[in-house]
Amino acid sequence: MAQKASRARPGVLRRIFSLSRSRLADSEQFPTRPRMAQPNRQITPAAALTGPSKLAAVTSLIDKLTEDLASKTLLPDQRDSALEELKIYGRDPRDADPIFTREGIKTLARHAFVSSSSITSRNAMRVLCNALLLKSETRQMFVDLGYEAKVCDKLKSDNRDDEFLVSRILFLTTYGTNTNLAELLDQHNLADSINKNLGRHARHRATTGPVADPMEDMALIETLKLLFNITYYCKDRVSSFTIAIPHIVTVLCKGAFATQKPLDPPNGSLVNALLNLDIAAADVQASLYPQGDSKMLANHLVDLLASSSKAYKDEELESSVTPLVGVIRVIHEHAPEDVKKLVRQRLLPTEADRTEVLGRTSSLPSWLLKNSTNPVAPQFRETISNLFFDMSDKDASTFVENVGYGFASGFLFNRNMPIPQNASEAFSNGRGEPDRPVNPITGQFLDAERHPEVPEMTEAEREREAERLFVLFERLRANGIISAENPVRTAVQEGRFEELPDDYEEELD
């Protein structure tokens with residue numbers, strides 16, 4: 001491939017959206033397909049081999065497969081059995097060194113992308129996927145072989161096994177290699193293959209609903225992960241994938257995926273994929289806000305957010321939920337007025353929220369407000385604050401009215417924005433009852449505030465409190481903690497201190 005500076009992994013947020021959310025699994029998750037050649041019974045004890053015995057077995061298999069490329073010494077079922085056995089050995093890189101050498105990667109790549117047998121090709125790709133995942137140095141070895149044209153051509157196959165395996169290989173080579181993604185897009189039609197695969201998934205979901213074959217969802221996830229990384233590294237080629245936006249929206253809204261948590265793949269992968277794409281493009285607006293059901297996508301995203309608010313712990317929010325809030329923000333930004341109104345109705349504090357200090361009820365807006373100051377999720381809290389500011393038409397006064405100055409102050413300060421006038425005086429919230437003034441700091445209705453009932457201090461209690469403060473002040477000054485003069489002592493020295501008799505009574509106006 002054309003040489004290009006080796007890429008490091010993206011920053012914290014981008015890494016969250018790709019590797020940490022991709023849940024890179026080992027090859028034990030690769031389902032054995034019924035149509036594949038079944039391994040012979042000698043493969044079963046292979047996983048039990050360790051040490052020199054395993055190394056010898058791996059070396060023998062690599063040698064056989066390498067020799068087979070030159071002189072066709074293996075029958076098809078023998079070749080496939082050898083690859084199946086090698087896959088088992090390759091799940092643990094210990095004592096499997098020949099797989100991870102330059103020659104081993106070359107042998108696997110030739111069986112994967114030169115073989116005329118689709119079964120042999122897929123078996124070899126499975127071993128290759130393991131190798132690229134477990135040993136990062138093998139990725140550059142593979143890139144150096146120059147198989148980009150054959151890899152991209154293999155992705156054109158309308159087969160979910162090929163989609164899964166090829167997408168994973170390409171995805172892994174986006175880390176720590178000099179692979180030229182722009183060349184893959186421009187010369188080998190990689191974007192076209194990805195878009196077509198996403199279109200197939202969308203049509204399948206739209207017409208048949210949930211699928212029984214687990215490979216469907218696994219292939220979809222790998223394609224989405226690859227799409228995300230390409231659009232991150234090749235920002236000037238993002239427009240090549242604008243056509244995929246309607247497909248992603250269809251799968252997201254009609255997928256009905258049975259996941260343990262709301263944003264487990266493929267839901268999270270679909271959300272992440274939208275993050276880098278051009279949502280503002282004119283030719284996709286009809287798919288984002290379809291006529292007759294313009295609120296479909298916005299409602300679905302907010303529903304996912306509501307479910308996520310109950311499913312994730314604080315330490316999970318940064319990696320799991322931040323992308324979703326970011327996508328909701330973009331969808332809101334470019335939405336027609338009716339969709340914007342819906343998002344604001346569901347995410348801005350309601351009258352019920354204002355019966356308490358904002359952020360203290362169990363509603364979704366309160367959950368967002370509380371997390372807008374979450375100390376363990378900096379990206380998450382920043383994205384939430386930006387969303388609230390956008391829903392306030394990017395106006396500081398409206399922002400304070402919506403969330404209260406207590407939540408708005410840090411955001412405004414960090415952006416050098418002046419404190420709006422309504423931050424210091426009660427106001428009537430336009431979204432609530434016009435005759436119910438709101439505390440500008442807490443966002444709570446003034447008539448709903450509860451003040452503690454504390455009895456008035458007696459004269460003796462006041463005197464004891466004054467003495468306590470005097471003694472405390474003297475101790476702080478004596479210990480060097482403060483250098484200021486005790487104001488009570490200063491008042492006595494200046495003759496401004498008057499000793500009152502015990503029978504003194506304060507005159508009231």
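1. The largest nonpolar core in this predicted model has 120 residues. Those with the most contacts inside the core are Ile-99, Phe-142, Ile-248, Leu-305 and Leu-347. Helix α11, residues 214-233, gives the largest share of the core, with 10 residues. As background, nonpolar side chains in soluble globular proteins tend to be buried together.

2. Leaving out residues up to four places away in sequence, Phe-142 touches Ile-105, Ala-109, Phe-113, Leu-128, Leu-132, Tyr-147, Val-151, Ile-169 and Thr-173.

3. Ala-109 is another partner of Phe-142, and it is found in helix α4. Is Ala-109 buried or exposed? Its relative accessible area is 0%, so Ala-109 counts as buried. Apart from neighbours within four places in sequence, Ala-109 is in contact with Val-114, Leu-128, Phe-142, Leu-145 and Tyr-147. The C-alpha atoms of Ala-109 and Met-125 are 7.4 Å apart in space, while the two residues are 16 apart in sequence.

4. The structure holds eight aromatic pairs. In one of them, the ring centres of Phe-113 and Tyr-147 are 6.2 Å apart; the planes meet at 40 degrees, so this pair is tilted. Phe-113 belongs to helix α4 (residues 102-113), whereas Tyr-147 is in the loop between α6 (137-144) and α7 (148-155), so the pair ties together parts that are 34 residues apart in sequence. Both Phe-113 and Tyr-147 are buried.

5. A further tilted aromatic pair is formed by Phe-389 and Phe-411, at 5.0 Å centre to centre and with 45 degrees between the planes.

6. The charged end of Lys-225 is placed over the ring of Phe-171, 4.8 Å from the ring centre. Lys-235 lies over the face of Tyr-232, and here the distance to the ring centre is 4.0 Å.

Key
Residues are numbered from 1 along each chain as its sequence is written. This is a predicted model: local features need pLDDT of at least 70, side-chain atom pairs count only at pLDDT 80 or more; totals for chains, interfaces and linings use all residues. Side-chain values use heavy atoms; hydrogens and water are left out. A nonpolar core is a set of buried Ala, Val, Leu, Ile, Met, Phe, Trp, Tyr and Cys residues joined through side-chain atoms within 4.5 Å. Buried means under 20% relative accessible area, exposed over 50%, partly exposed in between (1.4 Å probe, protein chains only). Helices (H or I, at least four residues) and strands (E, at least two) are DSSP runs, numbered from the N terminus. Contact means heavy atoms within 4.5 Å. Rings of Phe, Tyr and Trp (its six-membered ring) pair if their centres lie within 6.5 Å; planes under 30 degrees apart count as stacked, over 60 as edge-to-face and the rest as tilted. A charge sits over a ring if NZ of Lys or CZ of Arg is within 6 Å of the ring centre and within 35 degrees of the ring normal.
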